[in-house]
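Please look at the structure before reading on.

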Amino acid sequence: MLARIILAAALIVSVVLGPVRPASAQEQPDIIILFDQSGSVGKHDPKLASKAWLLTFLKTFDNPYKIEIVGFDEALYRHLAIDRDTTTDINAVNRAIDGIETVGKATDLEMPFRYLLNYAKPSTKLAVIISDGEPEIWDAKLGYLSKEVQADPRYDDLNRQYQQMKDAGVSKRKRFEKLGALYHARNIDLIEGQMPGIAKLIGDRLIIWDLSGTSYYLKTWAKAAGAQYLPMRVAVQENPVEQLQKAMTALQQHSSAIVKEALPDDHEHRAAVALTTIPEIAAKVQPREQPAPKPLSPPIETRVAEPVAPQPVAPADTQASQSPIWGIFLVLLGGVIGALIVYRRRAAAKAEPAVPVDLASQYIDAKVKGALDDAEKLRRKLLIAESEAVKVERRFSLRVAVPSGAMEIQWISADGEKRETAAINLSMHGVKFETHGAEVKAVTKIICPNMDVVLGVNKFQEIRRDGSRSVALLIEFENNLDDWMRWVEIITRIDQTATKQ
């Protein structure tokens with residue numbers, strides 16, 4: 001680590017790991033890039049995306065800028081401070097960013113906005129937040145609640161309940177089932193409360209890059225902050241290099257308008273060159289043709305007219321003398337007719353504007369995104385409402401009894417045998433079912449015959465065994481968002497299905 005710091009400092013790239021400290025006036029950056037460095041981002045790679053954009057920015061724009069790279073998970077970390085000039089060493093930047101660890105256990109999306117409120121200035125030219133937009137201050141799988149949150153007085157009431165349950169010996173799983181949604185809702189409310197301040201301070205100079213391309217939260221916050229929302233998906237398993245190249249072009253265009261520096265004609269070529277400096281993706285970068293230089297206009301040759309000797313004028317023939325008059329008349333008539341045609345065409349164009357070829361697809365895409373946003377908003381409201389209900393323990397603990405025959409679990413045993421057994425009880429996040437002592441390798445389907453519902457299960461985790469029964473944590477359904485909504489409905493209505501014929 002010491003060698004990396006010395007090398008980076010020698011090349012005007014300073015590496016500072018640890019909690020954020022106030023920046024002095026001399027250190028005030030022009031550009032701030034904040035990226036999600038938590039280990040929960042999974043299929044998205046914000047560190048790679050931030051490195052790609054930093055290198056592309058350095059290659060694209062020629063003006064000198066002070067650039068700062070800040071990471072966040074449950075806390076904030078200032079990693080790089082770069083003076084962009086002709087001596088900036090790209091390889092040193094690559095090595096410095098590669099040294100950043102992305103192993104955070106929680107993702108507090110309030111952190112990047114708090115950083116901007118504390119350190120951005122009216123002189124800050126551009127800020128970019130890079131994340132997949134999934135706030136998770138409490139990781140249910142790890143049973144980890146952000147230590148920053150536990151020390152935050154704004155969560156005092158929830159922290160007291162958490163500590164009381166912990167002292168009473170309540171398991172991590174039951175603590176999460178009882179308080180998880182309340183912590184999440186508090187976190188979202190705190191973030192939304194900061195949007196007016198962000199809008200006033202830096203809103204029109206902020207780009208929020210959504211690596212998932214579909215985050216309801218990032219889209220909502222960008223709108224509230226007056227920021228530019230950039231839903232450019234970059235997923236590890238899909239062709240991230242091609243996605244990165246498209247994202248770089250979009251970021252170049254947005255940033256050019258914000259920092260008020262014109263894009264060079266070869267900006268796409270420069271972005272491709274920048275990406276080839278990243279060893280892990282260099283081989284897959286598609287080259288972009290460098291535009292040929294514009295040819296210089298030939299000099300205009302000025303000639304002086306030679307004097308013409310006067311010629312005697314011959315007497316004009318009467319018939320011949322009338323032909324120029326008719327020619328002039330025909331030219332004028334043609335001009336009038338042409339002007340009339342142009343006028344009518346323009347009028348028609350104004351009355352009936354051209355319809356883009358892809359208007360239908362754009363309309364459908366907009367409707368689909370709108371529906372997803374509405375569904376996510378409804379899911380959030382349901383979670384909050386359920387967590388605050390009088391019968392909260394019924395919704396968030398394994399105490400919702402399943403009537404006989406109301407739910408069957410299809411699963412695969414360790415020896416590969418497909419089985420189907422009865423569910424015993426369920427919660428917002430899991431289900432207990434009979435296994436007759438067999439080991440569970442996979443849960444494949446949840447069937448509610450009386451409700452005519454079948455949910456396919458993509459991911460699960462067996463969190464404990466209770467005698468001959470298994471308790472499974474449900475992580476992902478086949479139709480994830482829609483199926484989670486159905487799951488909420490099942491929890492609410494499962495005890496009403498016993499009498500249904």
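## A buried salt bridge

Arg 270 and Asp 266 join their side chains in a salt bridge, 3.0 Å from N to O. A salt bridge here is a side-chain nitrogen of Lys or Arg within 4 Å of a carboxyl oxygen of Asp or Glu. Both Arg 270 and Asp 266 are buried. Buried means under 20% relative accessible area, exposed over 50%, and partly exposed in between (1.4 Å probe, protein chains only).

The model is predicted: local features need pLDDT of at least 70, side-chain atom pairs count only at pLDDT 80 or more, and totals for chains, interfaces and linings use all residues. Residues are numbered from 1 along each chain as its sequence is written, and side-chain values use heavy atoms, with hydrogens and water left out.

## Helix α10

Arg 270 is one of the buried residues of helix α10, which spans residues 267-276. Helices (H or I, at least four residues) and strands (E, at least two) are DSSP runs, numbered from the N terminus.

What do the buried residues of α10 pack against? They pack against α2 (46-60) and α9 (240-259). Contact means heavy atoms within 4.5 Å.

## Other salt bridges

The salt-bridge rule gives a count of 14. Asp 157 has a relative accessible area of 32%, so it is partly exposed. Arg 186 is partly exposed too, because its relative accessible area is 22%.

Glu 417 and Arg 419 form another salt bridge, and their closest N and O atoms are 3.3 Å apart. Glu 417 is partly exposed, with a relative accessible area of 40%. Arg 419 is partly exposed at 25%. Elsewhere, salt bridges that share partners join Asp 62, Asp 266 and Arg 270 into one network.

## A positive patch

Which residues gather in a patch of positive charge on the surface? They are Lys 105, Lys 147, Lys 166 and Lys 172. Patch residues have over 30% relative accessible area and no salt bridge; like charges are joined within 9 Å, and nonpolar side chains (Val, Leu, Ile, Met, Phe, Trp, Tyr) within 5 Å. Lys and Arg count as positive and Asp and Glu as negative, while His and the chain ends are not counted. The place of a charge is NZ of Lys, CZ of Arg, CG of Asp or CD of Glu.

Lys 147 lies in helix α5 (residues 147-150). Its relative accessibility is 55%, so Lys 147 counts as exposed.

## Ala 423 in strand β12

Ala 423 sits in strand β12 (residues 418-426). Ala 423 counts as buried because its relative accessibility is 6%. Beyond its neighbours within four places in sequence, Ala 423 is in contact with Val 402, Met 407, Ile 409, Val 431, Lys 432 and Phe 433. The C-alpha atoms of Ala 423 and Ala 406 are 8.1 Å apart, and the two residues are 17 apart along the chain.

## The chain overall

The protein chain has 14 helices and 16 strands. Of its 501 residues, 44% are buried. Among contacts between residues at least 6 apart in sequence, 70% join residues at least 24 apart.

The accessible surface comes to about 27300 Å², and 56% of it belongs to carbon and sulfur atoms. Accessible areas come from the Shrake-Rupley method with a 1.4 Å probe; for residues, only the protein chains shown count as cover.
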